[in-house]
Amino acid sequence: MIRLIVAIITGMVVITLLSVGTDHIFHVTHVYPPYGVPMFDAGLLLLATAYRFVYQVLGSWLAAAIARSRASAATWTMGIVGVVMWIVGMIAMKGAGPAWYPLLGAALSIPSSLLGRQIYYARHRRQSKHLNVV
């Protein structure tokens, strides 16, 4: 159980750090508007959605790798927590951007987590086959 909790926390921290770090880089390089200015540009919001999706896949893969035998529980939990966080963010930041952006993030949260799990399983199977052949 402790391994599962550590896996989920680690995955979430990695996703958060990568997302906030990338956001910060885009703010200071003037790709994004200054902090505090709402962002409504669909292209920029799709960019943010794309890298958040990738980071969610990566964080979920990492959580699955840490959780090992509980990989499915870790990734499902991360996906569900992601949905909740996107919706809470939408409520808290009402008016800071278009409503479709957090709804899209929420809709992609579980698929990105499950993709991370599938990548972990595929890699784990390949490594197991290689070890059995050698």
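## Loop residues with positive phi

His 30 has a relative accessibility of 69% and counts as exposed (over 50% relative accessible area; under 20% is buried and the range in between partly exposed, with a 1.4 Å probe and protein chains only). This residue of the predicted model sits in the loop between helix H1 (2-28) and H2; helices are DSSP runs of H or I with at least four residues, numbered from the N terminus. Its phi is positive, about 65°, although His 30 is not a glycine. Most residues other than glycine have a negative phi.

Arg 68 also has a positive phi, near 50°. Its place is the loop between H2 and helix H3 (71-92). With a relative accessible area of 45%, Arg 68 is partly exposed.

## Nonpolar cores

The largest nonpolar core has 10 residues, among them Tyr 32, Leu 44, Tyr 51, Trp 86 and Ala 106. Such a core is a set of buried Ala, Val, Leu, Ile, Met, Phe, Trp, Tyr and Cys residues joined through side-chain atoms within 4.5 Å. Helix H2 (42-67) and helix H4 (100-133) each give two or more residues to this core, and H2 supplies the largest share, five residues.

Apart from this core lies another, of nine residues, including Ala 7, Ile 8, Ala 63 and Met 78.

## Surroundings of Trp 86

Beyond its neighbours within four places in sequence, Trp 86 is in contact (heavy atoms within 4.5 Å) with Arg 52, Gln 56, Tyr 101, Pro 102, Gly 105, Ala 106 and Ser 109. Of these, Tyr 101 and Ala 106 belong with Trp 86 to the largest nonpolar core.

## Basis

Residues are numbered from 1 along each chain as its sequence is written, and side-chain values use heavy atoms, without hydrogens and water. In this predicted model, local features need pLDDT of at least 70 and side-chain atom pairs count only at pLDDT 80 or more, while totals for chains, interfaces and linings use all residues.
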